[in-house]
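Student: I have a structure open and want to go through it with you. Can we take it one topic at a time?
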Amino acid sequence: MPTTDTRPHDRSATDGVATASRARALTKVYGSGAAAVRALDAVDVDFASGAFTAIMGPSGSGKSTLMHLLAGLDDATSGTAHLGSTEITTLDDDALTRLRRDRVGFVFQSFNLLPMLTAEQNIVLPLDLAGRRPDRAWFDTLVTTLGLQARLTHRPSELSGGQQQRVAIARALVAQPEVVFADEPTGNLDSRSGAEVLSFLRRSVRELGRTIIMVTHDPTAAAYADRVLLLADGRIAGDIADPTPESVLAGLEGLRVLEAPAGTPTGATPVVDATAGGLR
Amino acid sequence: MLRLTLAQMRRSLGRLVAAGVAILLGSAFVTATLTAGDVITRGGYDAMTATYGDADLVVLPTDGRLSTLLDATRGTPGVTAAEPLVVGWVSFASGRRTVGETVIPVPADPSLASLDVVEGRAPAAQDEVALPAASAERLGVGVGDTVRSTWTVWSEEPATTATPEPAEEPTEEPAEEPAAAGPVRSDDELAPQEMTADVTVVGLVDDPHAAWARYGGAGLAVLDSVVRWSGGTDIDDVGSAAVLVAVDGDSAAVRSALAQVLDDAEVLTRDEAAARAVESYGGGNVIVMVVLGFAAVAMLVAALVIANTFQVIVAQRTRMLALLRCVGARRRQLRGSVLLEAGILGVVSGVAGVVVGLALAQAALSVLSRTQNGVPLPTTVQPTLGNMLIPVLVATAVTVGAALVPARAATRVSPVAALRPAEAPTVQARPGRVRLASSLLLTVGGLVALAGGIVLARQGFGVDVMLPLAIGVLGGGTSFVGLLVGAPLWVPRIVSAVGRPVAAISTSARLAAANTLRNPRRTSATSTALVIGVTLVVMMSTGAVSAQASLAREMDERGPVDMTVFGMPGEAVGDGLAEGIAAVDGVDTVVPARYALVARPDGIETEAVVLDPADAGILRDEVAARALAEGRSVVPRSWAGDVTSVEVSVRDTALLEVRPSATDRALLTTQAADALAVDDVPSVLLVRIEPGADAMGVLQDVRDVVADDTVRVESAAAERQGDQRVIDVMLAIVIGLLGVAVVIALIGVANTLSLSVIERRRESATLRAVGLSRRGLRWMLATEGMLIAGVGALIGTALGLLYGWAGAATVFGTIGDVRLSVPWAHVGIVLLVALLAGLAASALPARAAARTPPVAALGVD
């Protein structure tokens with residue numbers, strides 16, 4: 001499996017933009033028999049390279065499951081997930097480990113820095129694990145952009161929440177991964193630190209050309225993204241381009257309205273029109 | 001609170017099980033030891049009972065004469081037989097072979113016999129004896145052959161035997177009897193005198209109940225002979241004796257009748273007498289006490305493991321404890337809950353330990369009773385209530401005691417902690433000043449005492465040998481306790497120092513090294529548990545190796561020739577014999593030498609061997625070899641002390657230039673021999689054994705070669721090897737006993753690692769998510785385990801060497817030169833075992849950690 005492959009090759013037929021991540025009929029069922037829960041139900045979705053996409057939805061909508069499957073953190077029940085041109089649903093644990101190390105970055109809600117390492121050691125950890133030397137220029141760019149120059153020798157316990165999350169972002173980006181997956185990155189932060197983190201995520205897409213897929217339940221956070229994907233009951237329930245907090249809220253409202261009367265028949269997936277900012 | 005405690009225990013089950021295993025091992029150790037002690041005591045009791053034959057009653061004289069007692073007993077109605085049980089000791093010789101034998105009288109009534117005559121007949125006259133088959137074989141005699149008996153008499157016959165001393169119990173070592181009976185009469189003329197007489201072997205005896213196994217077997221003779229060999233003339237001279245009584249009918253009635261008649265004797269049943277005798281000799285108890293000492297070490301280590309576990313458990317429950325405080329639990333209740341948990345754990349593990357201990361004892365017994373013949377062993381263990389209760393109580397006490405400090409930590413959790421965000425749980429107990437001060441005090445004070453002991457031992461003369469040893473042991477123990485108390489202060493530094501080079505190996509290793517420093521107290525407590533066992537193991541082996549090295553020199557000086565073959569004085573040893581010996585496997589060189597009896601100035605004669613300086617290579621003692629090369633004869637220091645010349649005579653008298661040595665046989669130069677006119681006949685062969693050869697085997701082979709010749713073979717090398725073997729066996733036993741402590745400590749390592757794994761679940765998942773492979777994660781934990789265990793082993797080795805040397809210097813400082821040696825093989829094995837054990841200890845925790853899915857990193861607690 002190519003570890004040097006940092007550019008996606010697959011081109012989507014529809015818009016001519018490279019696809020960083022792609023799901024086809026992706027399904028995840030937890031449990032079996034009567035207790036089976038369809039967390040993800042035959043989802044088809046493409047994530048464009050160089051874009052900042054937010055995945056939203058109510059609790060249990062399958063948004064986290066979708067991300068886990070796209071990032072190779074969990075096995076799919078059926079369907080396929082691709083990272084670039086690599087089908088990851090068939091990879092074994094070792095290959096997945098290498099994939100995560102070299103081609104994917106993660107930002108977690110609870111930062112998950114290693115307490116015994118300094119900020120700098122935390123940032124370069126994925127490269128250390130891969131036995132690669134950090135690209136100094138890129139490292140410096142990251143550190144400067146994130147404003148971490150003065151904090152590199154500090155341990156996580158000596159950093160504020162916002163600083164810890166910025167270190168985590170630097171860690172996610174240091175290996176120049178094809179996709180960065182962020183799971184509620186502002187969930188444990190106050191609104192100011194959260195805003196800082198989100199603007200940096202956006203800058204890393206706009207200025208550094210990265211691809212970010214973020215799971216969140218905060219419409220304000222989602223509004224930082226280029227595109228918001230709405231999930232409900234394990235299916236895509238809406239797709240909002242260039243979202244604003246209002247359009248996102250409206251989209252979420254729409255989901256709730258939709259659910260109420262019909263009891264949601266399994267067949268019809270209502271699709272929220274992005275530009276209209278409301279129901280079709 | 002009980003329900004809450006149980007619920008908490010259920011949640012922490014895995015953690016508690018590991019800690020419980022540590023206590024279980026300790027408890028099993030104690031149980032097995034106590035049970036073994038019982039078996040030993042019971043074996044002794046059974047043997048003692050067997051010495052009384054089928055006697056119904058045993059009369060033990062407290063004061064007064066045996067003959068009077070005997071008569072009075074025989075005159076009591078209901079008594080069918082009364083026989084004295086006297087234990088004599090005599091040496092039998094046939095040709096050059098000698099056997100020391102315990103002898104007891106032939107009872108007139110066969111029901112009072114403890115030995116069976118299996119061949120020939122029982123002795124009936126003074127010049128007759130029946131021997132155990134083993135002794136007869138050793139002497140090379142059979143029924144009808146004659147042997148020479150030799151015994152010691154301590155004075156001219158005392159006309160009257162006004163013996164004021166109380167007769168002692170028959171359990172007294174028989175060898176001491178003549179001495180005990182003799183010197184009390186403080187006549188100046190008392191001198192030992194060797195007596196000999198020829199006796200005929202009329203029978204062979206068997207000891208079906210192993211009654212006399214403790215004495216190495218016993219033979220039979222008529223009462224008069226036994227008394228005579230004991231150094232007396234009539235039965236009242238015998239120091240220790242008992243009267244065995246056979247009874248017709250109601251023995252209780254006869255007993256009270258006897259008690260009325262005999263005012264200066266005790267009348268006991270056979271079982272009572274045996275119990276009394278076992279109690280007074282109590283050899284098994286000493287062993288049990290010593291082994292219990294090792295069990296105590298194991299328990300101490302288990303206590304450390306427990307303390308560590310509870311510290312972590314309390315730390316992990318910080319939030320819940322705080323919550324309990326919030327909803328109204330008092331401090332006392334929290335402490336009570338933790339202590340209750342410890343108590344339950346202690347009782348459960350203790351009981352399980354008792355079961356395991358009994359099973360082990362039973363297994364050992366089954367194996368032994370199948371392999372050991374002649375030693376009477378019970379076939380099943382009989383657990384007494386005490387032997388089962390004591391381990392449980394000890395286990396519970398140790399567990400609760402170890403949990404005291406963590407329990408206090410639990411009470412210090414403030415209710416506010418429940419409101420704080422969940423962070424990595426830590427109980428931040430800073431190493432206090434009290435700890436530092438007491439540790440320094442104990443360590444420095446102990447080391448000073450240890451050094452004082454060594455200095456005292458070196459000064460040596462005039463001081464009791466035991467005094468420096470006692471001071472040294474006290475000092476060593478105190479300083480070790482001090483070091484252990486201060487362990488949280490200094491062990492983390494060593495872990496960090498060792499971790500630095502390890503960290504350079506790989507990222508996994510660096511993470512591992514960093515991990516060991518995250519919780520310095522836990523790491524140091526885990527290492528310390530291992531330090532205790534390893535220190536003791538290395539100390540023992542260092543002491544043993546140093547002892548062997550120090551003793552080897554002493555032995556070289558004492559017996560400078562590996563093996564000496566003495567022919568008949570004045571007759572040359574045949575060339576064929578020398579060649580035959582030289583051909584034996586393991587024999588390096590054979591040198592014929594002249595032999596003489598040298599009279600020193602005070603007239604006492606000693607054996608001397610003449611050695612040409614050219615043949616000095618045969619000597620093991622280099623000092624003696626050099627002296628001979630310088631033209632000085634080597635003489636025993638006991639002759640005249642440290643002199644440089646001494647006048648001696650063989651046929652002629654001459655003043656010799658000498659070098660005194662610890663040897664007990666003189667080595668004369670050729671010139672000296674000529675000056676003394678020693679016979680120019682090589683009647684002795686000096687043999688050097690190849691290095692590394694089995695000296696005992698060689699001795700046996702040489703004895704076989706010379707079997708037909710009337711020669712005597714002596715081997716200093718075989719003696720030395722025997723001594724070494726004793727040290728080796730002792731060392732192996734001690735290390736085996738300490739091994740339990742080491743195993744418990746390793747369980748502690750595994751426990752600490754698995755606790756860390758549980759704590760670091762999210763971290764492991766993060767590492768997996770950012771690209772650490774499963775193998776990498778496993779390696780990380782393996783490295784951590786090896787680091788903790790390795791540091792423990794390193795520290796233990798260093799301390800063990802130190803204490804081992806100090807001990808050797810103290811013990812052998814009084815004797816002479818001390819050789820401090822490093823038991824490289826043992827040290828290497830200890831370190832290797834520690835690393836492998838660290839690796840093994842990490843196996844299960846690492847599997848658990850590697851199973852953590854990377855998704856867990858995303859979860860919010």
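Student: How many helices and strands does chain B come to?

Tutor: The secondary structure of chain B comes to 26 helices and 20 strands. Helices (H or I, at least four residues) and strands (E, at least two) are DSSP runs, numbered from the N terminus. This is a predicted model, where local features need pLDDT of at least 70 and side-chain atom pairs count only at pLDDT 80 or more, while totals for chains, interfaces and linings use all residues. Residues are numbered from 1 along each chain as its sequence is written, chains are lettered from A and ligands numbered from 1 in the order in which they are written, and side-chain values use heavy atoms, with hydrogens and water left out.

Student: And what is the count of helices and strands for chain A?

Tutor: Chain A has eight helices and 10 strands.

Student: What about the accessible surface of chain B?

Tutor: It comes to about 38600 Å², and 59% of that belongs to carbon and sulfur atoms. For chain A the figure is about 11500 Å², with 50% belonging to carbon and sulfur atoms. The areas come from the Shrake-Rupley method with a 1.4 Å probe; for residues, only the protein chains shown count as cover.

Student: How much of the contact set in chain A joins residues at least 24 apart?

Tutor: 68% of the contacts in chain A between residues at least 6 apart in sequence. In chain B, residues 24 or more positions apart account for 84% of the contacts with a separation of 6 or more. Contact means heavy atoms within 4.5 Å.

Student: Changing topic: why is helix α2 of chain A described as largely enclosed?

Tutor: Because eight of its 11 residues (93-103) are buried. Among them are A:Leu96, A:Leu99, A:Arg101 and A:Arg103.

Student: An arginine in there. Which side chain does A:Arg103 meet in a salt bridge?

Tutor: That of A:Glu178, at 2.5 Å, N to O. A:Glu178 lies in the loop between α5 (161-173) and β7 (179-183) of chain A and A:Arg103 in helix α2, so the pair ties together parts 75 residues apart in sequence. A salt bridge is a side-chain nitrogen of Lys or Arg within 4 Å of a carboxyl oxygen of Asp or Glu.

Student: Are A:Glu178 and A:Arg103 buried or exposed?

Tutor: A:Glu178 is buried at 6% relative accessibility, and A:Arg103 is buried at 1%.

Student: What does A:Arg206 pair with?

Tutor: A:Arg206 and A:Asp226 meet in a salt bridge of 2.8 Å, N to O. A:Arg206 is in helix α6 (residues 191-206) and A:Asp226 in the loop between α7 (219-222) and β9 (227-232), 20 residues apart. A:Arg206 is exposed at 53% relative accessible area, whereas A:Asp226 is buried at 18%.

Student: Which residues form a salt-bridge network?

Tutor: A:Arg38, A:Asp41 and A:Arg235 are joined into one network by bridges that share partners. The A:Asp41 to A:Arg38 bridge is 3.1 Å, N to O. Over all chains, the structure holds 32 salt bridges.

Student: Back to chain B. Which residues make the positive patch?

Tutor: B:Arg775, B:Arg778, B:Arg847 and B:Arg851 gather there on the surface. Helices α25 (774-813) and α26 (824-851) of chain B each give two or more residues to it. Patches are made of residues with over 30% relative accessible area and no salt bridge: like charges are joined within 9 Å, nonpolar side chains (Val, Leu, Ile, Met, Phe, Trp, Tyr) within 5 Å. Lys and Arg count as positive and Asp and Glu as negative; His and the chain ends are not counted. The place of a charge is taken as NZ of Lys, CZ of Arg, CG of Asp or CD of Glu.

Student: And which residues gather in the negative one?

Tutor: B:Asp585, B:Asp588, B:Glu690, B:Asp701 and B:Asp704. B:Asp701 sits in helix α22 (residues 695-705) and is partly exposed at 33% relative accessibility.

Student: Which residues make the nonpolar patch?

Tutor: B:Leu385, B:Met388, B:Leu389 and B:Leu393 make a patch of about 390 Å². B:Leu389 is in helix α12 (residues 385-411) of chain B.

Technical notes: Buried < 20%, exposed > 50% of the residue type's maximum accessible area, 1.4 Å probe, protein only.
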